[in-house]
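Let's take a friendly walk through a few parts of one protein model. Have the structure open beside you as you read.

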Amino acid sequence: MTPEEKAEFRAEALRRYYEFCERKLHVDMSRGKPSKEQLDISDRMLTELQDGADCISNDGFDCRSYGNPAGVRDCRELFANLLHVDVGNIIACGNSSLSLIYDFLSQCMTHGAGSTPWSKLDEVKFIAIVPGYDRHFAMAQHFGIKMINSKMTPTGPNMDEIEELIKDPSVKGMFCVPKYSNPDGVTYDAETCERLAAMKPAAEDFRVIWDNAYCVHDLYEDRHDHLRNIFKLARKYGTQDHFIEFSSTSKITFPGSGVSVIAASERNVEMILNRMHYQTISYDKLNQLRHVKVFGNVAGIKLQMKRHAAILRPKFEAVEQIFEEELGGLGIAHWSKPVGGYFISLEVTGGSATTVGTLCQDAGLTLTKVGATYPYGYDPDDSNIRVAPTYPPLDELKISAELLAVAVKIACSE
Ligand SMILES: Cc1ncc(COP(=O)(O)O)c(C=O)c1O
């Protein structure tokens with residue numbers, strides 16, 4: 001652009017921005033929350049158990065009472081089929097996979113993962129694939145685990161870099177969201193999974209937090225990503241103890257009132273159950289049973305996800321279309337085009353993400369705090385903005401995406 005064209009471009013963006021300000025918007029796109037419409041499709045969950053007779057599991061267990069710390073057998077079977085592992089490798093738990101990750105890290109800190117408790121070591125480091133999930137990073141920081149950034153690639157973590165980093169024995173693990181990653185929407189490809197499974201870290205108690213939160217969250221029936229089964233690969237290399245898989249129904253049924261699960265090797269399952277023995281007598285088995293009754297089998301879960309996808313697809317497509325119309329070809333931003341998951345990741349040039357966030361906030365649109373997708377809340381390039389299109393109604397979402405694009409134009413032209 002000539003200087004005159006640039007001035008004109010900026011003036012037009014500012015004019016539109018002030019128009020948005022006058023509309024007094026009040027939209028929250030800060031978290032990946034399902035919309036009310038999505039919650040409504042799980043209302044069957046509320047009436048599934050009517051009396052004591054409904055509360056008996058297939059193996060004859062009265063789920064109203066204590067016991068069965070690894071979870072209701074039917075529920076464990078359902079998740080074993082979903083995650084393609086044996087039922088003995090599954091523990092069905094309470095309402096949050098994030099709290100399971102917290103408990104697991106806590107266990108590693110106080111009791112170790114088969115070796116010295118991490119809290120007794122001078123330094124514990126984790127690899128953080130960036131941009132990534134803010135709550136993973138906050139949790140590591142909370143435990144005093146030092147994070148090392150490694151940039152995400154379109155096919156997953158940069159394995160050349162990871163293979164170097166794990167030569168350091170103080171690197172004890174890494175966070176992975178292997179399918180439809182938060183926020184990039186990347187699914188690790190076959191080669192990446194193979195190399196992750198083949199890793200030979202210097203730390204004998206190396207653990208990968210395999211947070212498979214979006215394992216069935218496809219947006220399209222005909223175009224969806226396939227994630228390799230990490231345990232199947234790991235058994236080939238004898239590294240199955242490296243991986244602890246977490247998942248939940250938070251974005252299948254009700255966030256905060258779903259069922260969470262752990263999938264792990266026999267050794268890790270035993271270690272985790274031993275710790276849980278001191279923690280709880282059993283989790284909420286009635287909720288586990290409710291999920292089994294509502295879905296029946298994996299096909300039932302897949303059908304439910306199709307209903308979610310029908311609501312979510314137009315939202316993702318609307319944001320992508322507006323970004324393309326407003327920002328396409330300008331060379332100031334690029335964004336992910338995921339076929340599943342909960343987020344679109346927007347990258348802006350020139351260290352302008354913070355300015356974009358402030359402009360949006362001042363005009364009534366709350367985004368995920370800029371920087372939150374990096375450890376310590378610090379994005380060294382000040383470039384990443386996590387867009388969460390799921391919660392607002394479609395009309396509000398379109399206005400918000402337009403405002404966001406206008407804010408990018410202003411910030412980048414500055
Ligand atoms: C990658 C990832 N893991 C875990 C969670 C939270 O899961 P839960 O509700 O089971 O604690 C989220 C929610 O946004 C997420 O994006």
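Predicted model: local features only at pLDDT ≥ 70, side-chain atom pairs only at ≥ 80, totals over all residues.

## Helix H1

Start with helix H1, which covers residues 3–22. Does its length fit that of a helix with 20 residues, or what would you expect it to span? At 1.5 Å a residue, H1 should span 28 Å, and its end C-alpha atoms are 29 Å apart, so the two values agree.

Now look at which residues of H1 are hidden. Phe-9, Ala-13, Arg-16, Tyr-17 and Phe-20 are buried. Viewed down the axis of H1, these buried residues fall within an arc of 105°, so they line one face of the helix. On the other side of H1 you will find Pro-3, Glu-4, Glu-8 and Glu-22, which are exposed.

The buried residues of H1 pack against helix H11 (298–327), H12 and H13. Just after H1 comes Lys-24, with a positive phi of about 50°.

## Helix H12

Next, turn to H12, made of residues 353–362. Its buried residues are Ala-353, Val-356, Gly-357, Leu-359 and Cys-360. Looking down the axis of H12, you would see them within an arc of 165°, so they too line one face of their helix.

## Strand E9

In a regular strand, the side chains alternate between the two faces of the sheet. Strand E9 (residues 260–263) has both of its faces covered. Ser-260 and Ile-262 are buried on one side, while Val-261 and Ala-263 are buried on the other.

E9 also has strand partners. Strand E2 (residues 90–92) runs antiparallel to E9 and is joined to it by 3 bridges, with Ile-91 opposite Ile-262. Strand E8 (residues 243–248) is antiparallel to E9 as well, with 4 bridges between them. Here Ser-247 is the bridge partner of Val-261.

## A serine in a loop

Finally, find Ser-336 in the loop between strand E10 (333–335) and E11. Is Ser-336 buried or exposed? Its relative accessible area is 14%, and under 20% counts as buried, so Ser-336 is buried.

The side chain of Ser-336 reaches the backbone nitrogen of Ser-345 at 2.8 Å and the backbone oxygen of Asp-184 at 3.5 Å. Leaving aside residues up to four places away in sequence, Ser-336 touches several others, including Pro-183, Glu-320, Phe-343 and Ile-344.

Key: Residues numbered from 1 in each chain as written. Heavy atoms only, no water. Buried < 20%, exposed > 50% of the residue type's maximum accessible area, 1.4 Å probe, protein only. Helix = DSSP H or I, 4+ residues; strand = E, 2+ residues; numbered from the N terminus. Arc of directions from axis to C-beta. Contact = heavy atoms within 4.5 Å. Polar contact = N/O pair within 3.5 Å; in protein donor to acceptor, adjacent residues only side chain to side chain. Pairing = 2+ DSSP bridges. Expected span 1.5 Å × (residues − 1).
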